[in-house]
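Please read the numbered points with the sequence and the model at hand.

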Amino acid sequence: MTEIVPVSGPELITYADELAALLIEAVEDGASVGFLAPLDRAAAAIWWRERAAAVEAGSHQVWIARDDERLAGTIGLVKAALPNARHRAEVAKLVVRPSARNRGVGRALLAAVERSAAAEGLTLLVLDTETGSDAERLYRSAGWTPCGSVPDYASDPFGTLRATTFYYRALDPREAPAQGPSQ
C-alpha cells in the first residue's frame with residue numbers, strides 16, 4: 001500500500017539523501033525533470049535541502065510516497081508569489097521511482113496536490129512536461145488540459161532538446177477531490 005505524506009522543512013532535510021537517490025534513478029531512466037545525467041548525488045541532495053526554507057515558509061510544499069517503507073515518489077507545489085497570482089500554483093518535480101511506475105503512485109501524488117491546493121483555496125494549477133512522455137499521458141488521463149507546446153524547450157537528461165507541453169487544471173475549492181484508497 002502506498003502512503004502519501006506531506007513533508008516539513010526539517011523532514012525535507014532528513015529525506016534529502018533518499019530523495020537525491022530517487023531523483024538520480026529517475027534521471028538515469030530518462031525522466032525529464034530539469035536535471036542532466038549523470039546527476040551527482042551530493043548536488044541532488046543539496047538541491048533538495050535548498051528547498052527546506054521555502055517549505056518552512058509555506059511557499060513550497062513537498063509530499064513523498066512511501067511503498068513498503070521505501071520512497072516510491074515525490075511531488076511539489078510551488079505557490080505563486082505575486083499578488084495578482086495568489087490563486088494559482090505550479091506542480092513541480094513529480095518523480096516516481098522507475099520500479100514503482102504504473103502502480104498508481106504518480107496519480108496518488110497528483111491527487112494529493114490537487115486536494116491540498118483546493119483545500120487552501122487555490123483555483124488554478126499549472127505544470128509542464130516533455131511532450132509525448134509517460135508523464136504527459138498521466139496528466140491527460142487525470143483531467144489536466146493541455147494549453148500549448150513549445151518545440152526544443154528543454155533538454156532531456158541526455159542533452160537532446162525536446163518539446164514541452166504546458167497544462168493547467170482548474171480547481172473548485174468547494175469540490176476538493178476525494179482522498180483515494182491508496183492514501
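1. Basis of the note. This is a predicted model, in which local features need pLDDT of at least 70 and side-chain atom pairs count only at pLDDT 80 or more, while totals for chains, interfaces and linings use all residues. Residues are numbered from 1 along each chain as its sequence is written, and side-chain values use heavy atoms, with hydrogens and water left out.

2. Secondary structure. The protein chain holds five helices and seven strands; helices (H or I, at least four residues) and strands (E, at least two) are DSSP runs, numbered from the N terminus. Their order along the sequence is β-α-α-α-β-β-β-α-β-α-β-β.

3. Overall dimensions. For 183 residues, a compact globule would have a radius of gyration near 16 Å, and the protein chain agrees, with 16 Å. That radius is taken over C-alpha atoms, and the globule rule is 2.2 Å times the number of residues to the power 0.38. Along the principal axes, the C-alpha atoms fill a box of roughly 45 × 40 × 35 Å.

4. Surface and contacts. The accessible surface of the protein chain is about 9200 Å², and carbon and sulfur atoms hold 52% of this area; the areas come from the Shrake-Rupley method with a 1.4 Å probe, and for residues only the protein chains shown count as cover. Of the 183 residues, 42% are buried (buried means under 20% relative accessible area, exposed over 50%, partly exposed in between, with a 1.4 Å probe and protein chains only). Among contacts with a separation of 6 or more, 63% join residues 24 or more positions apart, where contact means heavy atoms within 4.5 Å.

5. The largest pocket. Its volume is about 990 Å³. Of the 39 lining residues, Val33, Leu94, Thr129, Ala135 and Tyr139 are the closest to the centre of the pocket. On a 1 Å grid over the protein atoms alone, a pocket is an open set of points where a 1.4 Å probe fits, with protein on both sides within 12 Å along at least five of seven lines, and lining residues have an atom within 4 Å of a point. Grid points are joined across faces, edges and corners, and the volume is the space filled by probe spheres set on the points.

6. Make-up of the lining. Two or more lining residues come from each of strand E4 (88-96), helix H4 (105-119), strand E5 (124-130), helix H5 (134-141) and strand E6 (145-155). Strand E4 gives the most, with seven residues. By class, the lining has 17 nonpolar, 11 polar and 11 charged residues; Ala, Val, Leu, Ile, Met, Phe, Trp, Tyr, Cys and Pro count as nonpolar, Asp, Glu, Lys and Arg as charged, and the others, Gly among them, as polar.

7. Backbone features. Which residue in strand E4 deserves a look? Lys93 is found in that strand, and its phi is near 55°, a positive value in a residue other than glycine. Asp152, in strand E6, also is not a glycine and has a positive phi of about 50°. The peptide bond from Ala37 to Pro38 is cis, with omega near -5°; Pro38 belongs to the loop between helix H1 (9-28) and helix H2 (41-49).

8. Surroundings of Lys93. Lys93 is partly exposed because its relative accessible area is 25%. Not counting residues up to four places away in sequence, Lys93 touches Val33, Phe35, Trp47, Thr74, Ile75 and Gly76. Gly30 is 63 residues from Lys93 in sequence and 14 Å away in space, C-alpha to C-alpha.

9. Asp67. Is this residue buried or exposed? Asp67 has a relative accessible area of 13% and is therefore buried. Asp67 is part of strand E2 (residues 60-67) and touches Met1, Thr2, Ala72 and Arg103, residues up to four places away in sequence being left aside.

10. Thr123 is in the loop between H4 and E5 and is partly exposed, at 31% relative accessible area. Beyond its neighbours within four places in sequence, Thr123 is in contact with His87, Arg169, Ala170, Leu171 and Pro173. Ala42, in helix H2, is partly exposed at 45% relative accessibility; its C-alpha atom is separated by 26 Å from that of Glu90, 48 residues apart along the chain.
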